[in-house]
Amino acid sequence: MVARRRKQAAAGGGGATPSPPGYSAVPVKFSEKQQAPHYLYLREHKVREGAPSSWPQKRTLFVLNVPPYCTEECLGRLLCSCGPVQSVRLQAKPDLAESPEEPTSKFFHPKPVPGFQVAYVVFQKPKAVSAALSLKGPLLVSTESHPVSSGIHKWIADYAGSVLDPEALRLEVDTFMEAYDQRTAEEEAKAKEEEGVPDEEGWVKVTRRGRRPVLPRTEAASLRVLEREKRKRARKELLNFYAWQHRETKMEHLAQLRKKFEEDKQRIELMRAQRKFRPY
Amino acid sequence: MGPAPAGEQQRGAPGEPEVMELAQEGTGKEGKKASSKKRAAAASPADGLLQPVKLSRAELYKEPTSEELNRLRETESLFHSSLLRLQVEELLKEVKLSEKKKDRIDAFLRGVNQSIMRVPSVPETELTDQAWLPAGVRVPVHQVPYIVKGCFRFLPPAQVTVVGSYLLGTCIRPDINVDVALTMPREILQDKDGLNQRYFRKRALYLAHLAHHLAQDPLFGSVRFSYTNGCHLKPSVLLRPCGKDERLVTVRLHPCPPPDFFRPCRLLPTKNNVRSAWYQGQSPAAADSPEPPTPHYNSWVLQDTALESHLQLLSTMLGPALGLKDGVALLKVWLRQRELDKGRGGFSGFLISMLVAFLVSTRKIHTTMSGYQVLRSVLQFLASTDLTINGISLCLSADPTLPALADFHQAFPVVFLDSSGRLNLCADVTAATYHQVQHEARLSMALLDSKADDALQLLLMTPKPMIRTFDHVLHLRPLSRLQAACHRLKLWPELQDNGGDYVSAALGPLTTLLEQGLGSRLHLLAHSRPPVPEWDISQEPPKHKDSGALTLGLLLRPEGLTSVLELGPEADQPEAADFRQFWGSRSELRRFQDGAIREAVVWEAASMFQKRLIPHQVVTHLLALHADIPDTCVHYAGSLLDSLLQGLKESSNTGEEALAAAVRCYDDLSRQLWGLEGLPLTVSAVQGAHPVLRYTEVFPPAPVRPAYSFYEHLRERASLVPRPDKPCPAYVEPMTVICHLEGSGQWPQDAEAIRRVRAAFQLRLAELLSQQHGLRCRAAATHTDVLKDGFVFRIRVAYQREPQILKEIRSPEGMITLRDTPASLRLERDTRQLPLLSSALHGLQQQHPAFSGVARLAKRWVRAQLLGEEFTDESLDLVAASLFLHPEPFTPPSSPQVGFLRFLFLVSTFDWKNTPLIVNLNSELTVEEQAEIRSSFLAARTQLPVMVILTPQDRKSSVWTQNGPSAQILQQLVVLAAEALPVLEKQLMDPRGPGDIRTVFRPPLDIYDVLIRLSARHVPRHRQAVDSPAASFCRGLLREPGPSSLMPVLGYDPPQLYLAQLREAFGDLALFFYDRHGGEVIGVLWKPSSFQPQPFKASSMKGRTLLSQGGELVMVPNVEAILEDFAVLGEGLVQAVEARSERWTV
């Protein structure tokens, strides 16, 4: 196998596995049986001074190239030898900015199918990070004591997991809607309070809830108004009244024909190039 | 005497067209110059992409020249549009002979003339004494009976004349034929040579001697025999130049009698010229009955005498008019694309020229008309005139001695008399052929009138081979059976008239018989015309049975196919006897509900599939009954592909019934939804959105009856779950139904809140359906699954305004604008466009019962080629629908077979780059709107997907092809279709049987880099494979309905789950191909671009590893690990991963 030979040559020449600056490479395998490992690339999570980050400085390890069968628990288990792990989070892409804490509901935001991911691992102590960076590996995702299921077993488990409890769903919907109703009621009350009350510069805000309905401020509505104006103007205009208008319409017709002719010629040219005129 | 006139004519006649040709080329060159200038400007159309035209203002508004105005006016008055005019001009350029070639042909003709005159004479011998013939040549006719009176000697021809289309300038490429008439000297012929084939025997001997001597001339590359117009009594010699000009031209030599040799009154259609006594070899005393007339024989003799007068007529009529010649050339192309002009009894180019002459003489065509107008007028005339009832005549004289048209109608099916009033030009044309011509003319007129953009393309450039035109095709083989049929049908006089050609004799009666039998099921019956053979001069002429098989094409009437009953007359009527005689033992007396007792024939057909095949039963029954042709000789190609739509162990239907059952169940459910009490808002619409509900699911769902012991139970959710230790359970796909709820002020105006409200409705629906109708339901946040009569439906609640709310964006000024977002587009597609499409296609199925079969076969094929995942269901359905809505130049298919062939043809020839496929559902788009769509398509081409399918509901964006296929995948499909089509057509047209019809459904596997073999145990649809396995696994189903109802396992298909994982993990490194219908292998193609080493980048590290290459760190795919991942991710499912590593390098 060409690929393998080359890889061996590279590995033999370099001695250690190459890794980009700042990262250390740790081989990871699914199980003992797997021959060729993937490599996790580990680095301490750092951001520039002053930039906000949701991950605690010094204690966070950034992991690149996490294989799809490696789950959060599993990664936590693999790295707990370096020190106690506080949290593990897997993401599709690395993000430096604050990751929005979405309310992840298992009903409305089902977990997507994982690919290769990145992980942020927060340790309890900073020194665990340096210990992790010097890991040798190879790490095993699935061991006899902690088997990780894949394939048929995983899909069956996923299927069983996808059959959800309707009662829990009802509960979640109800709580959400209660909160929502409360929020809208508050907003409405506030709007009502402001209705007709001029602000400090004396402007009165006109809302949909006023006594007289007003045009909604949407793009479609303003386009409609413009269109109506245009039509009105067109109706008033005289067509083919003056001699020059007559001349111009004729010329316009000729120009149309010319344009059509040019287009047709281009099509013919193309068809000739494609030998479309060979009938058989 | 001899050569001079020929030479003169050769030089004289083409002289004129030369000038005209030059004029034409002049305009052509101008056009070319202008366009080449433009080509440079418009970024070279060499890449095959049309660009929107940009013309400067000055160019658009400059003063027109008078030439330009003239041309524009001409285009407007003579053609339909400038595009049409340009197309016609281009086409004519392609088919007409160039001057250079004409010169070479003229030179060759002079050589032919000289060699013919050099052939030595032979002394007189008896006709039956043929010992003088040299060894290397055989007489090119069958001399049956051999004994004939008369003497023969060879003398060089009295005159050699070029006749036919070459002189008129209407011959078209690629087969250039020049007809040369050789006038035999009077000394050769004797009185009464018109009798008993004597003239034809002499003619044949004349040619035999001639051919022998010409064969020794080095001027000729080949000298062969053939038949004039396929008539087996009239051979001709074919001469081809030697060397590189071999394919340039074929010169055909036709001997003819000296002028006024035969007395025309002897050759009228009512006269007999083949005596029964001679023909049957009996003594004259035995024949006391009157001799039967021999109209065909007579007209063959007459044809030879009229060669020159026809030429004269045509050259005076067409000679000076350029437009008429163009028209004839176009008509010839038209005939040829429809395979109407070839073979014995075809509607030849000569006939069409004579027809144009006739229309000129009746002032229906004017000499100043353009070629396009001539084409139109002739088609119009053909479409509206039935020559089988009202014959026409070129004869203007009112001579009372001339026979009446009625006499000709008695003798011939189609009547078109020449200027002498004695010769029927359509003598050999059968009624079926003429009806086919008429049918084609009607279709073409409709197409031209529709003002379609590509009318000319469809009319003149699209071939219409028999197998792709007709719904069912049947082959009669061996042909020798027809001889027995002739005797059975008592066709002895016809045999005598046709000189023993039993194929021609039987053709007419057989087609009439079948037409009568098929009755209302039939739209048109056409037959193949026996091909004109060509053979070496040293061989015996081919026998009648050597022309292979007789092929009949049936164009069916879909509405007639639904009835299994052939209703006859009432029992006491006199016609009842005829009916009984016609149908034989199949006819039986039946009592009907209205009390009538009638003769009737009932065919056994329960399913749609069997009903489509009733014509097969009719044909075999009638042929066996009336013509002694057993069903082993009838090879019926009408349903050979249907087996690919049949489920396991089911050969009696193709699933239409099962689909209808599912749709009925859905109708029930929708009624229950409408009538549901206790919903806070009322249901405003229930719409199906699943292929089953528009009849296009390849394998229709069967009611599920799970065997509970086979599953794990989830008691509290009343659901079944697959067990890891058992084979994968049967695949059950829930059918999506969209349920719109009425709009109301109660709906929240926030996207997240709407989702929660919808979820609440899903829960409520489940509750109410199980309370009020006792259905097993399972609700989730986005859908409710309902189990009803074994079918599972997935009801999705939708709110009309939701897509709009998702679109709303508030600008900083507080203005609300609507912008498409991915989420809004997806929602709109799923809840609005998909139901609309489904109902439109459902309607199409009601109009065209074959739609389901065609769409499913097409989908089946695409999926079998492992490309199914790249094309959405809807896009393939739309392509299939376009075959029904825009069938031109064909008619809408009435059988899955022909529809599938046209699907392959469409896919392989459609220009996806430059044209959108417009599917005019419900004919909502007008011609103008379509033109507008086309032009806006060109302007926006670069933003549109590779494959663009537009419908009245979706005029701009091509929703169903947004996410694929990619250009490469589409190209692959085009290539596969182009390969499959000829293979399949050859199989179906093979009269010995199709062989293995599944060949074109097996995908090529050698193109893939890695093959992942799956274990059949976990492929739930294993049985659906193209080559259905002999044994498979138990899938946990019962034959009988089980006791209670737990929700079965839904949508659990391990290969699909596996593929989803693979695509997510390795999607940017490789492509994965799989046939969801029982595929046991996944094909993997590496993306070449991903194998390029790239510099390190954190966000694209996925599955790659680092290498130091030349001191630099680069990323390359970690192929070994990935290959092992393939096995790890699919544990239990994957059997083996075969890497064909020789195909790639890292």
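The legends below describe close-up views of a predicted model. Residues are numbered from 1 along each chain as its sequence is written, with chains lettered from A and ligands numbered from 1 in the order in which they are written. Local features need pLDDT of at least 70, side-chain atom pairs count only at pLDDT 80 or more, totals for chains, interfaces and linings use all residues, and side-chain values use heavy atoms, with hydrogens and water left out.

View 1. Of the 14 residues in α4(B), 11 are buried (under 20% relative accessible area, with exposed over 50% and partly exposed in between, for a 1.4 Å probe and protein chains only), among them B:Leu84, B:Arg85 and B:Glu90. These buried residues pack against α7 (243–273) of chain A, as well as against α3 (66–78), α11 (322–337), α13 (371–384) and α16 (455–460) of chain B.

View 2. B:Glu697, in the loop between β18 (683–688) and β19 (712–714) of chain B, is buried yet has no salt bridge (a side-chain nitrogen of Lys or Arg within 4 Å of a carboxyl oxygen of Asp or Glu). The nearest side chain of opposite charge (Lys and Arg count as positive, Asp and Glu as negative, while His and the chain ends are not counted) is B:Arg863, 4.3 Å away. Leaving aside residues up to four places away in sequence, B:Glu697 touches residues including B:Leu659, B:His690, B:Glu733 and B:Arg856 (heavy atoms within 4.5 Å).

**View 3. Confidence along chain B.** The mean pLDDT (the predictor's confidence in each residue, from 0 to 100) of chain B is 85, and 94% of its residues reach 70 or more. Over residues 1–46 of chain B, however, the pLDDT is below 50, and this stretch has 40 contacts in the model beyond near neighbours in sequence.

Key:
Helices (H or I, at least four residues) and strands (E, at least two) are DSSP runs, numbered from the N terminus.
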